Amino acid sequence: MSIIIPVYNDPKNIAQCLAALLPTLGTNDEVIVVNDASIDNTAKVVAQFPVALIELETNSGPAAARNAGGRRAKHDILFFIDADILVHKDTLDKIKAYFKKHTVDALIGSYDTEPTQQNFISQYKNLSHHYVHQQADKIAKTFWGACGAIRKSTFQAVDGFSEAYRRPSIEDIELGYRLVAQGKNIHLVKEIQVTHTKKWTLTSLIRTDLFDRAIPWTTLMMKQKSLNNDLNTDYKQRLSLVLVWLSGIFLALGFFSSIFWLFA
């Protein structure tokens, strides 16, 4: 299996990620870290580990970084994780066993119930994500780049992730939509879990959920003319998208109102 990890300006998390990952590798597994033109010491940190390092010349986003890793990969199964992910001791073994036992083109896992960050927003975001995945159907219609594996032949057949997304956004969801449209099957395997180390704040939560998720996701669903009752897209999550849109509008109105009264 080829494990592919995009990273940008995140030396602390990538070090933790690799320290957890390397002891779980099989004899022939490879790890490919794609440095998305970081401007800090991320590359130097990665270079301390026995992994392949790809250096991108310009910051292009995780979609392009993952694709670069996919082109370099030499094994039949590509496993994508983010730099802020800690695999469990049995994560890789479970993925390999599932592909051997089932006829499946791709699979996705879940965050576990033990996020490393203890502040309220991080606990809320990570645990709610875990809950959604654990309640979803086994047959998925989206992919997940933070913990998702796919056959290399399938990945190549659909031309990988769309590099139109130059920021962390819904590039994995869009890939899943294209996979399903071409008759590929994706399974959500709930027992395949990883730990998330990202620290969320209220500001980052609103920015990510509104600008990087809700808006492009709504645009994608309108373009696809599809409201699949799937992972994160049942009626409750669709309502959440609407509420996120509204919260963003009210926050913007509140900001401009305060500016108006300040200078009135």
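A polar contact is a pair of N or O atoms within 3.5 Å; within protein, one must be able to donate a hydrogen and the other to accept it, and residues adjacent in sequence count only if both atoms are side-chain atoms. I wanted that written down before looking at Arg66.

**Ground rules.** I am working with a predicted model, where local features need pLDDT of at least 70, side-chain atom pairs count only at pLDDT 80 or more, and totals for chains, interfaces and linings use all residues. Residues are numbered from 1 along each chain as its sequence is written, and side-chain values use heavy atoms, with hydrogens and water left out.

**Entry 1, the whole chain.** I looked up the pLDDT (the predictor's confidence in each residue, from 0 to 100): the chain has a mean of 85, and 78% of its residues reach 70 or more. Residues 255–264 have pLDDT below 50, and beyond near neighbours in sequence this stretch has 0 contacts in the model; a contact means heavy atoms within 4.5 Å. Where pLDDT is low, the predicted coordinates should not be read in detail.

I found 9 helices and 9 strands in the chain. These are DSSP runs, numbered from the N terminus: helices are H or I with at least four residues, strands E with at least two. Of the 264 residues, 52% are buried, where buried means under 20% relative accessible area, exposed over 50% and partly exposed in between (1.4 Å probe, protein chains only). Among contacts with a separation of 6 or more, 77% are between residues 24 or more positions apart.

What does the side chain of Arg66 make a polar contact with? I get the side chain of Glu171, at 2.9 Å. Arg66 sits in helix 3 (residues 62–72) and is buried, with a relative accessible area of 3%. Leaving out residues up to four places away in sequence, Arg66 touches Ile4, Pro6, Phe80, Asp82, Gly145, Phe161 and Glu171.

Helix 3 itself is mostly covered, with 9 of its 11 residues buried. The buried residues of helix 3 pack against several elements, including strand 1, helix 6 (152–157) and helix 7 (171–181).

I next checked strand 1, residues 2–7. It is largely enclosed by the rest of the structure, because 6 of its 6 residues are buried. Ser2, Ile4 and Pro6 point one way, while Ile3, Ile5 and Val7 point the other way. Strands 1 and 2 run parallel and are joined by 6 bridges; two strands pair if DSSP finds at least two bridges between them. I noted Ile32 in strand 2 as the bridge partner of Ile4.

From Asn35 to Val7 I read 5.2 Å, C-alpha to C-alpha, across 28 residues in sequence. Not counting residues up to four places away in sequence, Asn35 touches residues including Val7, Thr42, Leu53 and Glu55.

In helix 1 (residues 11–21), I listed Asn13, Ile14, Cys17, Leu18 and Leu21 as buried. They lie on the same side of helix 1, because they cover an arc of only 130° around the axis. That arc is taken over the directions from the helix axis to the C-beta atoms. Among the elements that these buried residues pack against are strand 1, strand 2 (30–35) and helix 4 (91–101).
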